[in-house]
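Hello,

Here is the structure I promised to pass on to you. Have a look at it first, and then read on for what turned up in it.

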Amino acid sequence: MSATLVANVVISGVLTGLLYGLMALGLSVIFGVVRVVNFAHGEMMTIAMYAAVLLFGAFRLDPILAALPVAALFFAIGYALQAGLINPFITRPEHSQFILLVAVATILTNVMLMVFGPDARSVQTDYQLDSWAIGQIIVDKARVYAALCALATTAGLFAFFRFSRTGTAIRACADNHLGARIVGLDVKHLYALTFGLGAACVAIAGCMMTLLVEVAPSLGPSYTLLGFVIVIVGGLGSMPGALLGGVLIGVSEALAGLFIDPSAKSMISFALLIVVLLFRPQGLLGRTT
Amino acid sequence: MSPRARVPLLLAALAAALLALPHVAGSYVLSVATLALYFAFTGQAWNVMMGFAGQLSLGHSLYVGLGAYAAAALFVKFGIGPWAGIWLAMAVCVAAGAAIGLLAFRFGISGVYFALLTIAFAEFTRIGFDHIGWLGGPGGLFLKVGQRTSIDLANLRGTPTMFYYVMLALTAGAFALCAWLLRSRAGYYWQAIREDEDAARALGINTFRWKLLAVTISAAMTSFAGVFFAFYYNNLFPEQIFHISQSIEIILGPIVGGVGSLFGPILGAVLLTTLADSLNNLMSAMGWDVPGIKQVFYGVILLLVVMFLPNGIWPPLAKRLGLERKA
Amino acid sequence: MTQPKRISRRQFNAAVAGLGAASALAPFGIARAAGKLKVGVLLPRSSYEALIGQSCQLGADLAPAVLKSMLGVDIELMNADTESNVNTARTRAERLIQEGAHVLVGAFDSGQTAAIAQVAEQRGVPLVVNIAAAPQITEQGYKFVFRNFPTAGELVKNGLSLIGDLFQATHVAPRKAVYMHVNDTFGQAMTRGINALLPRLTQLPFKIVDTIGYDPAAKDLSVEVSKAKAANADFLLLVSRLNDSIVLRREMVKQRWHPMGLISPGSPGLYEEQFSKSTGKYAEYCIVNPPWYNPKAELTGVVEAAFQKRNPKEKFVYHGLNVGYTFEAIMIAADAFKRAGSTDPKALADAIRATDIQKRVMLGGPIKFNPKGQVDGNQSACVEILRGRPRVVLPEYAAEAKPVFPWPEYKGA
């Protein structure tokens, strides 16, 4: 097992992990603030991927550029979804929320199947299969772009929540729902805003993901699960936590695949989830409430 | 007629109808009925954990799978029939449930976190079983299908009618067990824990012990479903039996029917199973041969039920039938 | 084997009357013409296996017209979606039988097929399996289950020996192979077969230097490919599905790994349209040895023409395997119906058991069922993607082009 091999694998794990983190970012924001378990998360990302593929097919629009309009669209959809459908469920028991979103996920998946058919689709950009060679280390171009995007989005979101008034208001809602209402914040609007932001993050992640993966209607559930694992490990409501969780999962899966058995590498994520849930349920960077 | 008198009468009528079903219905209806009872049973088992003790398990396929593989392995490898195999199945499931419960409750995990923990265990086990070559791995474990015209109850080999009655007996047993549990001390403690765990603890209830009991009873009951599955379908694949979609199917019935109620899981399972199949028949009758359309309808109906009947279908129905009694 | 006795007119009329009475009781009953064979087609047309299920369905849809002109029989299809789910498969099979299906065809997935097989056996309705590789399906001693598809063991044997033929035809003898396989039911069966057979096939010049299994749901295979590349093998032996084969091929390019070639002993993925579409020029020269259709057979021409007419936007070469085997399954049912002269399931089953069809779409010997209900002698072809599409390169009598191996961009060790 040469050092080059390990280095290649770790770097790849970090880059992939950052993209996973971006995917989980939206989930963390939604779950951390609105406290809704979004089991349709993976399906939302799948739709975003289809949007990117369609835009590419129609206008040859690079997915990185497509991320902006798709994110804007998803922001609107997320806002509407929260305000219209999900809001009454915030106070309902978890199993009700769960079924609501499972129903939404089922509808989305099968509508996608009906509209797009079962064929997998992808984008074909020129740089998709390029890589940079730094000595013996080979770095995948598309993954680097996706990772950079993840970092940029996280930074932007972090700045929004830390420095803007709306962001602060949203954080107030998350910390103390009742207090926020007493102070006069329009909680319903802020929740919808948050859901919209979360959806926009998912949309960006989806656009980036099309550079690496084919899109098919049944892609959703595995990403939902992965998203939850990362969010729990990294810490609820913590944006850097989502990235960190993603990187941790990415690297540990990569190393497990290298040293143990690649087909069992997902077991590592779940083992990690169990360990974190038991010993540090707030996650690595989360705060204890 | 007072509710007290109505209940046994209605139950008797229902029992008579269910017992007579194989003699009036064709093989197709029988297969749907068996499936409905299967989900009624597993839903009832899940309900013990959720409806009674308030612990949301989204990984119940774990117990179905463990029970199925335990009994199937004994049968395929050692020729030991299911009536003995069920003991191993129960033991394995109780151990798994106790392990999860111990870990979770010792560390104070609850709510969504507990649910995610159950998912993690189920997924972990699914991938794990994919690597157990001795049990067939991803290629699956196949049980030898014997003669299907004669009934060999000892080895659960026989006609679909036999399987229907076995499932009916299991469901009736689960119903009776849950009814008894609800009225027992466990039932009262569980209700207290469900309403307000801290208050219950303050009252001196050992919440840890009672929650653990709920988990293990639920797991043990579900193991029966696993054994049934193994001998009814005669093939087991980790990808299918431990899959999260199985866990989701199990909980749809109780949630739609009414979590925490006695009859809710049964009603919900029956309604959903017949709905799913009726939608299929409707689609093909109308010539809408588009893959996926049935699931869209199914999802929409699920959505509507969950939006407008937050406690499930059974509570308002029970009220309407005049069966309501003080909680 | 003697021909099945032709049933008397009285028996035939009684059977029709019986069927008529039975149909009157069925909720969706319609009047049944005695001369029509009702074929229940069970395929996964939604959920995870939708792509292949829908591809098989194309084969079923074109069958009635072709078989009418070929054999003069009337076939009515009854389609059902198993939803890639064993519960649904079972109830749908029961439903089809209740609605009067005389014969069932399906179901691609081994688990679902096994469930349907039990129903078929229980109800005494013949099932002709179009595609499913698990050997157990024809090992249960069933009298009503028939399969016209190679078992996993046969697939491996045919696939490996074709690799030997390939090396002989191209005068290359690579010494080392790295074996990557998807860890699902198919991959595992193939791996077992390869491990058992490879040491015994001494005419194959290569040894497997490393085996790497991967999760079928994995979206990122960079670790696996890194490992494979580090094994320093001559070529890649691959058992995969569609999505992972695309990810793998792309990853190979990204990691600048250019072995002598990529050969699959016979698994889905490489010959499917999406693979060529997604990997573009990198699909070129990939080799797979699946059970395949005979491009030079007369019946293939007929089926292909019917296919293109119904599906002008699809290319037959990408659906040939699924369409061909599904068509043949229905053809077996139709042929049996013609010989039996009745829709009585028992008579049909007996007739199917006596099948001997020489004119085929798929490669291999005549369609004849052994006592277990299995057709021996289905063969595979060595298919290589050349000039943008899969072409048969071996066996020679069915070849459309000459094999190319190693890859032109291979620069040697």
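Over all chains, a search of the whole structure finds 29 salt bridges. Please keep in mind that this is a predicted model.

In chain B, you could start with Arg201(B), whose side chain meets that of Glu197(B) in a salt bridge, 3.2 Å from N to O. Both residues belong to helix H8 (residues 197-202) of chain B, where they are four residues apart, about one turn of the helix. Arg201(B) has a relative accessible area of 44%, so it counts as partly exposed.

Is Asp335(C) buried or exposed? Its relative accessibility is 15%, so Asp335(C) counts as buried.

Another pair in chain C is Lys68(C) with Asp74(C), joined by a salt bridge at 3.2 Å, N to O. Here Lys68(C) is partly exposed, at 40% relative accessibility, and Asp74(C) is partly exposed too, with a relative accessible area of 32%.

Next, the interfaces, beginning with chain C and chain A. How many residues of each chain are in contact? From chain C there are 33, and they are in contact with 38 residues of chain A. The size of an interface is often given as the accessible area lost when the parts come together. Between chain C and chain A, about 2900 Å² is buried, and carbon and sulfur atoms give 54% of that. On the side of chain C, the residues that lose the most area to chain A are Lys219(C), Arg250(C) and Lys254(C), together 24% of what that side buries.

Five salt bridges are counted between chain C and chain A, along with 15 residue pairs in polar contact. One of the salt bridges links Asp140(A) to Lys254(C), with the closest N and O atoms 2.7 Å apart. Several elements of chain C give two or more residues to the side that touches chain A, including helix H2 (50-71), strand E7 (207-214) and helix H8 (242-254). H7(C) gives the most to that side, with seven residues.

Tyr113(B), Leu116(B) and Phe124(B) supply 17% of the area that chain B buries against chain A, more than any other three residues. How many salt bridges cross this interface? The rule finds zero between chain B and chain A, and the count of residue pairs in polar contact is two.

Val290(B) sits in the loop between helix H12 (264-285) and helix H13 (293-308) of chain B. Its relative accessibility is 39%, so Val290(B) counts as partly exposed.

- Asn87(A) is in the loop between helix H3 (63-86) and helix H4 (94-116) of chain A. At 18% relative accessibility, Asn87(A) is buried.
- Asn294(C) lies in the loop between strand E10 (287-288) and helix H10 (298-310) of chain C, and is buried, with a relative accessible area of 14%. A polar atom of the Asn294(C) side chain is 2.9 Å from the backbone nitrogen of Lys296(C).
- Phe186(C) belongs to helix H6 (residues 185-197) of chain C and counts as buried, at 12% relative accessibility. Phe186(C) and Ser267(C) are 81 residues apart in sequence, and their C-alpha atoms are 8.0 Å apart in space.

Definitions and conventions. Residues are numbered from 1 along each chain as its sequence is written. Chains are lettered from A and ligands numbered from 1 in the order in which they are written. This is a predicted model: local features need pLDDT of at least 70, side-chain atom pairs count only at pLDDT 80 or more; totals for chains, interfaces and linings use all residues. Side-chain values use heavy atoms; hydrogens and water are left out. Buried means under 20% relative accessible area, exposed over 50%, partly exposed in between (1.4 Å probe, protein chains only). Contact means heavy atoms within 4.5 Å. Buried area is the accessible area (1.4 Å probe) that two parts lose on being put together, summed over both. A salt bridge is a side-chain nitrogen of Lys or Arg within 4 Å of a carboxyl oxygen of Asp or Glu. A polar contact is a pair of N or O atoms within 3.5 Å; within protein, one must be able to donate a hydrogen and the other to accept it, and residues adjacent in sequence count only if both atoms are side-chain atoms.
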